[in-house]
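Here is a model to explore together, one question at a time. Take a look around before reading on.

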Amino acid sequence: MTIARDEVRKIAHLARLELTDAEMDALEGDLNAILGYVAKLETLDTSGVPTLEHAAEAGDTWRDDANRPSLERERALESAPDQADGCFSVPKIIE
Amino acid sequence: MEYEAVIGLEVHCQLATRSKIFCGCATTFGQPPNSQTCPICLGHPGVLPVLNRQAVAYTIRAGLATHGVIQSSSVFARKHYFYPDLPKGYQISQYDKPIIDGGYVEIVTDAGPKRIGLTRIHMEEDAGKNLHEGLESVSHVDLNRAGVPLIEIVSEPDLRTSDEAVAYLKKLRDIVVYLGVCDGNMEEGNLRCDANVSLRPKGQEAFGTKVEMKNMNSFRFLKAAVEYEMKRQAQVLDRGGTVIQETRLWDTKRGVTESMRSKEEAHDYRYMPEPDLLPVVVDPAWVEEVRRQMPELPDAKRERFVASYGLSEYDAEVLTASQALADFFEKSVAAFDGDPKLTCNWVMGELMARLNQDGTSIEACPLTPEQLAGLVGAIHGGTISGKIAKTVFGHLYGSNKTAEQVIEAEGLVQVSDTGAIDAIIAEVIAAHPNEAADYRGGKDKLLGFFVGQVMKQTQGKANPKLVNERLRAMLSA
Amino acid sequence: MTEPTGWTIHEARARLDGGEISAAELTDALLARIARVEGDIHAFNTVTEDLAKAQARAADARIAQRDVHPLTGIGIALKDNMATEGVETNCSSRILKGYRPPYDGTVPARLKADGAVTLGKTNLDEFAMGSSTENSAFGATRNPWDRARAPGGSSGGSAAAVAADLCLGALGSDTGGSIRQPASLCGVVGLKPTYGRVSRYGLVAFASSLDQIGPLTKDVEDAALLLSAISGRDPLDSTSSARPVPDFLATLKDGVAGLTVGVPAEYFVEGADPEVLAAVRAGVDALAAAGAKVTEVSLPHTAYAVACYYLVATAEASSNLSRYDGVRYGHRAQGAKDLLEMYMASREGGFGTEVKRRIMLGTYALSAGYYDAYYRKAQQVRTLILRDFQAAFESVDVLVTPTSPTGAFPIGERTADPLKMYLSDIFTISVNLAGLPAISVPCGLDGAGCPVGMQVIGRAFDEATVLRTAWAFEQATDHHKAKPSL
């Protein structure tokens, strides 16, 4: 499986990365090399083998429906690159 | 060309939990922006979600009420997209293994009752809010709502008209509000609805292209939007065009749906099982516990009232219209169960009339169910007549006496002693010889006159049935 | 007579409790050494001098009242991907430069409660993605054994700090070998606990189903001590295990008589440095001499582990790094004309090359049409890898392997070829995929005079046997006493 240049562009867009042309060149090469390497997985017969997404042991992992203190608003906003009127401020969202 | 509309609704309900789905922040509506947030719902580096057990319990309740299958194991999944109101860049939702499968809701249409199928119900977290009003070049983001628990109820495409869609949404709203799992306040956004609408030529089996519609936040707007979209699509098809699969926003001011201006192609959400949360295990014991704690739904209650108490459909419907009224009735029958129909008549008749007259609600009723039970018991046992009971009622209402006490105090015990009644009847007949003769001569209506006289003599306390019987007997003698 | 900075944690504990030295004096000595040596090593992103001194004073008060925990007054360094309230936590990335978390992770909070002294936050490969610490946005860390060589990664800063006596112990994180491999390259002890043994709340996520926090120390006893301090169920981490935490120190010195050591054939093949293989085989012999039974085993799917890892880990990483969007914290590119440009420019400018590479690979593996062939397939292979270990553990108690195929490599040698860098993790990666505990202990030097590490892998939640085996080996040899000259 090889990736073509426009596929690289599409993925970069999905991942919100504004790659330079040089980066795209390098990445196209890198990704293809890596995908070539991981292709060896295709040779393994995994029919009937369950996936292992949850590495953790099963257990009682709930929370009671109780309130815990929220952050003070100033603290919630203190790392914000831009804020106004108690809100995080971002360039206008066009629906 | 005649078209048939095929409509499905995706309804999001905010669960009425105290805290958010994955953290302990409060879920109160209308608070100052970003005053109910913490590192977890803000999506700070290093934080992890922990599931609110009550959110699961509420979801199970909703699934039971809609006859869905509760999955013993379901999985959370990450749904990826970038948007300022989505702190982690993904929403924790459920994808191919939702907690509730299937189910249905019954609505009433002009053609009679109709069953609307549900595809699934799943749990997910809400996003925050983007605010644009009055802002030129920026938008403001308030994350109070981020992390509030939601259930998404997906219907099968079984709806056919805008009225059906509205009826379905109303029914769904009634259910979740009655269950106590959602406040159902559409203006506040705790019940939201997206609609999928497509048209197909009448008689065709295959579905047409469906268009998703958003931003209809009232029943009225849902109806208007669906009707507009049906018209719009019909026009496109009549022209020979094809309906584009897209998302359209309902514009309240202009009364139209508008294609969403977006530079994106269809979203690739890259669903992935959520590695930070274990599968949600729901065992049968828990389902039973939820079932036991569930408030009984109006439909079920109505059926039970007909079956258990022998009430008519109409009576059952009136009594179950409000939970408080239904409870009052049941408590009263629990205190005296000899004649539920009589209890029902008194609740629906005298009691409601008096409450309406006073402008009092059933919740604030100055008569207890037990007091009413005593009254009904006294009528049923023959201690007082129905007529006298009205007097007793008047004394009971607003007092803390029992029916027994009032009857005794006011000397209203019904006279049912045959000897006493015969004596009075004899006096009355003797006092009205002409009327007696007329009666014996065939004027049956005069019985009423005699009954009236006997009642007068006994201050209304004579047992009317007995009076009737003895009068007939003695007049004919 | 060792300088205080050269002590182990348990040696320092004895002297603190015995009144030979105060926590303040010990901390000052460590800070002075950092001031002197750090310029050559660059182990730290942030040195928290004022905080350390204040904590040392508080620790002395506790020691005076005999209100002591094993870590009270002990100078520890934390990898800079663990949230420390009010203290910059930047994961060695420009996208988090200047970011101060509004909360403490569970493990940092426990250390605080125990009275440990936080000396600073150590350098790492950006977002823990790398095997050399060269992917740090703020400069590479140098291996104290040879400043022209890399310390390994991604916990290179923590490993170097321990090796150079800039702290008494450190914490790192391990997703594909990031504690064990730098420990091996720097000649210190590094342990990755069983997945779920230690809370991840506050650990900036790289690959959620693989990450674990663990200790880097000067000897095995210290590793046991530090592991005890940080282990246990955390209600804030749904993946943390409810299993009770055994007393790791109680069985530490029980020896290896009666234990069976498995040696997997697939780990002793070409591609590893002959000196590395020789040193590790000598280590196995030492264990045999100490009373262990040794037997050959096979882990047939070993060759697929790196491929499997680079699909699972990158997919999870691409997801976990979606939150770095410039909206609520971290770097935001200036002058963006609209929201989309803000996202694109912030992430492009904030992330380094390796991080972008992995985000791209992970996004691809999850994307529509490829999910089944890549991510899902890899998760199935992961089950096969786990089954290999489960089968092996039916006949053995621990497995012994080299930690890294080579000793420390020169800085700049592998940066041009990502695949070559990825293969540095070939012996450590399967352990993360299977969620098992493993330790690396020094077991000799390579031809360049740089440390070689031996890895001991145990059954799930059996850190006790792993530690016990490592300790017996350590005591039978002198390797842990070797120090770089600085």
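**Questions on a predicted model**

Q: Is B:G240 buried or exposed?
A: Let's count neighbours. B:G240 has 6 other C-beta atoms within 10 Å, so B:G240 is exposed.

Q: What distance separates the C-alpha atoms of B:G240 and B:R304?
A: Along the chain, B:G240 and B:R304 are 64 residues apart.

Q: Is chain B a compact globule or more spread out?
A: Chain B contains 15 helices and 18 strands. For its 477 residues the globule rule gives 23 Å, and the radius of gyration, 32 Å, is well over that, so chain B is more spread out than a compact globule.

Q: What box do the C-alpha atoms of chain B fill?
A: The box is taken along the principal axes. The C-alpha atoms of chain B fill roughly 105 × 55 × 45 Å.

Q: Which residues make the contact between α13 and α14 of chain B?
A: Helix α13 (residues 433-440) of chain B and helix α14 (residues 446-457) of chain B have axes that come within 9 Å and cross at roughly 140°. The crossing of α13(B) past α14(B) is left-handed. By class, the residues of this contact are four nonpolar, no polar and two charged. From α13(B) come B:E435, B:D438 and B:Y439, and from α14(B) come B:L446, B:L447 and B:F449.

Q: Which strands stand at the edges of the eleven-stranded open sheet of chain C?
A: The order of this sheet in chain C is β1-β3-β2-β4-β6-β5-β10-β11-β9-β7-β8, and the pairing is mixed. From one strand to the next, the twist averages 30°. An edge strand here has a single partner strand, so one side of it is left without a neighbour in the sheet; that holds for β1 (44-47) and β8 (293-297) of chain C.

Q: Which residue stands opposite C:S173 in β6(C)?
A: β6(C) is mostly covered, with six of its six residues buried. β6(C) pairs with β5(C) in the antiparallel sense over two bridges, and there C:V189 stands opposite C:T217. With β4(C), the antiparallel pairing of β6(C) runs over six bridges. In that strand, β6(C), the residue opposite C:S173 is C:I213.

Q: What is the bridge partner of C:V261 in β9(C)?
A: Strand β7 (residues 260-264) and strand β9 (residues 398-402) of chain C pair in the parallel sense, over two bridges. The partner of C:V261 in β9(C) is C:V398.

Q: At about what angle does helix α2 of chain C run to β3(C)?
A: Helix α2 (residues 23-41) of chain C lies across β1, β2 (75-79) and β3 (117-122) of that chain. Its angle to β3(C) is about 20°.

Q: Which strands of chain C does helix α7 touch?
A: Helix α7 (residues 220-230) of chain C packs on the sheet, and its direction makes about 145° with that of β6(C). The strands touched by α7 of chain C are β4 (169-174), β5 (189-192), β6 (212-217) and β10 (438-445).

Q: Which helix gives the most to the side of chain C that touches chain A?
A: The contact takes 50 residues from chain C and 38 residues from chain A. On the chain C side, α9 (305-320), α10 (339-350), α11 (353-366), α12 (372-392) and α13 (418-422) each supply at least two residues. That side divides into 27 nonpolar, 13 polar and ten charged residues. With ten residues, the helix that gives the most is α12(C).

Q: Which helix supplies the largest share of the side of chain C that touches chain B?
A: Here 33 residues of chain C are in contact with 24 residues of chain B. α9 and α11 of chain C each supply at least two residues of the chain C side. By class, that side has 17 nonpolar, ten polar and six charged residues. The largest share, three residues, comes from α9(C).

Note on methods:
Residues numbered from 1 in each chain as written. Chains lettered and ligands numbered in written order. Predicted model: local features only at pLDDT ≥ 70, side-chain atom pairs only at ≥ 80, totals over all residues. Contact = placed C-beta atoms within 7 Å. Helix = DSSP H or I, 4+ residues; strand = E, 2+ residues; numbered from the N terminus. Nonpolar A, V, L, I, M, F, W, Y, C, P; charged D, E, K, R; others polar. Rg over C-alpha atoms; globule rule 2.2 N^0.38 Å. Pairing = 2+ DSSP bridges. Axes fitted to C-alpha atoms, helices over the stretch in contact; angles between N-to-C directions. Left-handed = near helix turned anticlockwise from the far one by under 90°. Buried ≥ 20, exposed ≤ 12 C-beta atoms within 10 Å, placed from the backbone.
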